[in-house]
Amino acid sequence: MRLAHTMIRVKDLDATLSFYMDFLGLREVRRTTIGEEATLVFLTDAEERYHIELTFNHGRSEYALGDQFGHLAFLVEDLEAAIRKVEAGGWWYRRSRPEMQSRYIFVKDPSGYDIEILQSH
């Protein structure tokens with residue numbers, strides 16, 4: 001298993017993109033809009049060693065410090081094997097939303113944080 005990306009919720013998508021791209025030198029690799037709910041923008045470094053997912057929730061511009069953190073995401077070769085392991089451990093999880101055509105689950109860690117487990121391509 002390897003880390004796929006880290007997600008944070010942002011107040012101002014344009015200002016945040018300017019910071020991460022102009023100041024930190026990251027580049028946009030993918031953008032997805034989920035209806036009227038949110039816009040997801042994935043950024044990476046020049047060597048594509050890591051990804052950061054910026055999530056802009058439409059209609060929400062304020063977060064208490066700490067609740068803007070979204071989740072850690074890990075890639076696995078066999079999602080079904082990971083699901084069996086999660087079920088055997090008795091951990092709460094939910095499957096991906098079918099309309100997004102992604103193969104992933106979210107698992108709650110013991111502190112209640114979301115851990116996304118993605119099928120690698």
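These legends walk through close-up views of the predicted model shown above. Residues are numbered from 1 along each chain as its sequence is written, and side-chain values use heavy atoms, with hydrogens and water left out. Because this is a predicted model, local features need pLDDT of at least 70 and side-chain atom pairs count only at pLDDT 80 or more, while totals for chains, interfaces and linings use all residues.

Welcome to the largest pocket, with a volume of about 1,000 Å³. On a 1 Å grid over the protein atoms alone, a pocket is an open set of points where a 1.4 Å probe fits, with protein on both sides within 12 Å along at least five of seven lines. Grid points are joined across faces, edges and corners, and the volume is the space filled by probe spheres set on the points. The lining, meaning residues with an atom within 4 Å of a point, comprises 38 residues. Look for H5, R30, F42, E53 and E116, which lie nearest the centre of the largest pocket.

**View B. Strands around the largest pocket.**
Helices (H or I, at least four residues) and strands (E, at least two) are DSSP runs, numbered from the N terminus. At least two lining residues of the largest pocket come from each of strand 1 (2-9), strand 2 (27-34), strand 3 (38-44), strand 4 (51-57), strand 5 (69-76), strand 7 (104-108) and strand 8 (114-119). Strand 1 supplies the largest share of this lining, six residues. Sorted by class, the lining of the largest pocket holds 14 nonpolar, twelve polar and twelve charged residues. Here Ala, Val, Leu, Ile, Met, Phe, Trp, Tyr, Cys and Pro count as nonpolar, Asp, Glu, Lys and Arg as charged, and the others, Gly among them, as polar.

**View C. The second largest pocket.**
The second largest pocket holds about 190 Å³ of space. Eleven residues line the second largest pocket, and M1, V86, W91, V107 and I117 lie nearest its centre. Two or more lining residues come from each of helix 2 (79-89), strand 7 and strand 8. Helix 2 gives the most, with three residues. By class, the lining of the second largest pocket has eight nonpolar, no polar and three charged residues.

E48 sits in the loop between strand 3 and strand 4, and its phi is near 55°, a positive value in a residue other than glycine. A salt bridge (a side-chain nitrogen of Lys or Arg within 4 Å of a carboxyl oxygen of Asp or Glu) joins E48 to R27, with the closest N and O atoms 2.3 Å apart. This pair links distant parts of the chain, since R27 is in strand 2 and lies 21 residues from E48. For accessibility, buried means under 20% relative accessible area, exposed over 50%, and partly exposed in between (1.4 Å probe, protein chains only). R27 is partly exposed at 35%, and E48 is partly exposed at 45%.

**View E. Further salt bridges.**
The structure holds seven salt bridges. One of them pairs D45 with R49, the closest N and O atoms being 2.6 Å apart. D45 is buried, at 4% relative accessibility, whereas R49 is exposed, at 61%. D45, E47 and R49 are linked in a network of salt bridges. Another salt bridge joins D114 to K108, with the closest N and O atoms 3.0 Å apart. D114 is buried, with a relative accessible area of 18%, while K108 is partly exposed, at 30%.

**View F. A nonpolar surface patch.**
F19, F23 and L24 make a nonpolar surface patch of about 340 Å². Patches are made of residues with over 30% relative accessible area and no salt bridge; like charges are joined within 9 Å, and nonpolar side chains (Val, Leu, Ile, Met, Phe, Trp, Tyr) within 5 Å. Accessible areas come from the Shrake-Rupley method with a 1.4 Å probe, and for residues only the protein chains shown count as cover. F19 belongs to helix 1 (residues 13-23) and is partly exposed, with a relative accessible area of 42%.

**View G. H58 in its loop.**
H58 is found in the loop between strand 4 and strand 5. At 29% relative accessibility, H58 is partly exposed. The C-alpha atoms of H58 and T39 are 7.4 Å apart in space, and the two residues are 19 residues apart in sequence.
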